[in-house]
Amino acid sequence: MSKTRYKNQKESNEAIAKAYIENDYTNSQNKLLLVSKANYGEKSSNVCYSSVDDKGMNFYEFNNNAERNLMLIERYEWADFSSVTIDHSVTKSVFTFVGHGENRDITIEGKGKEVEQVIRNHSSMEVNVVKRPVWTKVLGYRSQTTWKMFMASTVYTLILLFILHALLPAATHNFIMGLALLILFLSIIGLFIGLIKPKWVLPKFKIKTRKRVLFSYLYLILSCFFIAGVFSDGESTSTPASTQVSSSQNSVTVAAKKDGADSSEQKIEKNDSDKAVKEKKKQKAEEQAAKEEEKQKAEEQAAKEEAKQKAEEQAAKEEEKQKAKEQAAKEEAKQKAEEQAAKEEAERKAKEQAAKEEAERKAQEQAAKEEAERNAQEQAAKEEAERKAQEQAAKEEAERKAQQQAASQQATTSSSTSNSGNYKPFENDPSDDQQSNMSCSGQIKGNKNSKIYHVPGGAYYDRTQDNIVWFCSEADAQAAGYRESQR
């Protein structure tokens, strides 16, 4: 399929690839079951697509700048492999085919379950599906990449802390803060020890490396910092209050020590104490309002993220639904096109059959006409031959009678014998029909009056019975001035 096939159409690469593959399977004996985007590893660095049929699968390399957008790289037959191991994830599936030659690792994106079903239904391979733990299906843990798992764990921990902050009472915040500081201190110590001896601080892990120590204890340290940040409001609230109480107590103590001060100073100190209490209450109210506002923001943020997630899920569902509709429309259009093509093919065959029958009918009519003309010509020729025969017979009869008339007037018998030939042949007596005294009797018979000679088997050989001149050969007859009979 050339590049010009789609240059004026706004179609995606996947649609172009699917159209090419469907066209490629038009004259194939294999039944195309599905088309999917694939990763072919080191075979090609470009985008690849796979077509799965009942006998095997083809791999195509897509190049939008080439003359042919899709080029066939390789084909695998199901019969070439004895078993396959399948590792499914949310977005892709890795197929490891085991056969008589080298093993094949192929990644199918999006349609791994469907390919697995095709293999089970159309091949005799042993199918082994890798069972993944539930936590590996969570976003961030699917690829099993260390830094992705670290980032996902950090984000999930922060979200969990905000939720706990909203649910737990304020009285427990100080305890959580103290526990977080203790864990932070132990994590820092464990990090330093683990960088020297990883097995001392990773008793539960099978893989005990410095990289594992670094990621694990950095996660604990960050988690402790997040706890301190989220639950620090309870401690900050209690600290100013205790400070103000202590300051008020100090002011009372100072007032008690100064017994000799005047009443005006006592009133000032009392007013200062009242102001301190009011400021303390005001500060508590502000802190409570800030806490409520922060809690509200966290709830709004959680609600916003939940709404965003629902919107994404809804968009994904709508997109899948749209794709399903488009797929159904394409299949329906394809079916209609096939039906139209079949209908046109049937009409074309019917027209060809009608034309063929018409040609045969015309040929038969032409043959009948030619047969009639030939019969007519043969009949005319036959009648003409009969007419000529009758005329010839009448002419010979007249010649015979004339010969008889001449013979009756001149009765001469001439005979001559020649060693070299019969140039002066024997002649019958005109009044006698019997042959006598002729050495060449029964060979060439000539009519003396008409100067025509007849060969044995001729039409008038037996009819010529008078005025006969016998010759031993046609050359003798022709030398004597005779011509050959036409019949």
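This is a predicted model: local features need pLDDT of at least 70, side-chain atom pairs count only at pLDDT 80 or more; totals for chains, interfaces and linings use all residues.
Among contacts (heavy atoms within 4.5 Å) between residues at least 6 apart in the sequence of the protein chain, 51% join residues at least 24 apart.

Residues are numbered from 1 along each chain as its sequence is written, and side-chain values use heavy atoms, with hydrogens and water left out.

**Stop 1: the whole chain**

Show the cartoon. The chain exposes about 33100 Å², and carbon and sulfur atoms supply 53% of that; accessible areas come from the Shrake-Rupley method with a 1.4 Å probe, and for residues only the protein chains shown count as cover. Of the 487 residues, 25% count as buried. Buried means under 20% relative accessible area, exposed over 50%, and partly exposed in between (1.4 Å probe, protein chains only).

**Stop 2**

Select Asn30, in the loop between helix H1 (13-24) and strand E1 (32-39). Is Asn30 buried or exposed? Asn30 counts as buried because its relative accessibility is 19%. Leaving aside neighbours within four places in sequence, Asn30 is in contact with Tyr25, Asp53, Asp54, Lys55 and Arg75.

Two of those contacts, Asp53 and Arg75, are your next selection. Their side chains meet in a salt bridge, 3.0 Å from N to O. A salt bridge here is a side-chain nitrogen of Lys or Arg within 4 Å of a carboxyl oxygen of Asp or Glu. Asp53 lies in strand E2 (residues 48-53) and Arg75 in strand E4 (residues 70-77), so the pair ties together parts that are 22 residues apart in sequence. Asp53 is buried, at 0% relative accessibility, whereas Arg75 is partly exposed, at 24%.

**Stop 3: along helix H8**

By the rule above, the count comes to 16 salt bridges. For another one, go to helix H8 (residues 263-409) and pick Lys323 and Glu319, which are four residues apart, about one turn of the helix. Their closest N and O atoms are 3.6 Å apart. Lys323 is partly exposed at 48% relative accessibility, and Glu319 is partly exposed at 46%.

Next, select Glu365 and Arg361, whose side chains form a salt bridge of 2.4 Å, N to O. Being four residues apart in helix H8, Glu365 and Arg361 are separated by about one helical turn. Glu365 is partly exposed, with a relative accessible area of 44%.

**Stop 4: two surface patches**

Patches are made of residues with over 30% relative accessible area and no salt bridge: like charges are joined within 9 Å, and nonpolar side chains (Val, Leu, Ile, Met, Phe, Trp, Tyr) within 5 Å.

Colour Phe175, Leu179, Leu182, Ile183, Phe185, Leu186, Ile189, Ile193 and Trp200 to see a nonpolar patch of about 910 Å². Which helix gives the largest share of the nonpolar patch? Helix H4 (residues 173-196) does, with eight residues. Phe175 sits in helix H4 and is exposed, with a relative accessible area of 61%.

Finally, select Lys197, Lys199, Lys208 and Arg210, a surface patch of positive charge. Lys and Arg count as positive and Asp and Glu as negative, with His and the chain ends not counted; the place of a charge is NZ of Lys, CZ of Arg, CG of Asp or CD of Glu. Lys208 is in the loop between helix H5 (198-201) and helix H6 (210-230), and is partly exposed at 36% relative accessibility.

Conventions. Helices (H or I, at least four residues) and strands (E, at least two) are DSSP runs, numbered from the N terminus.
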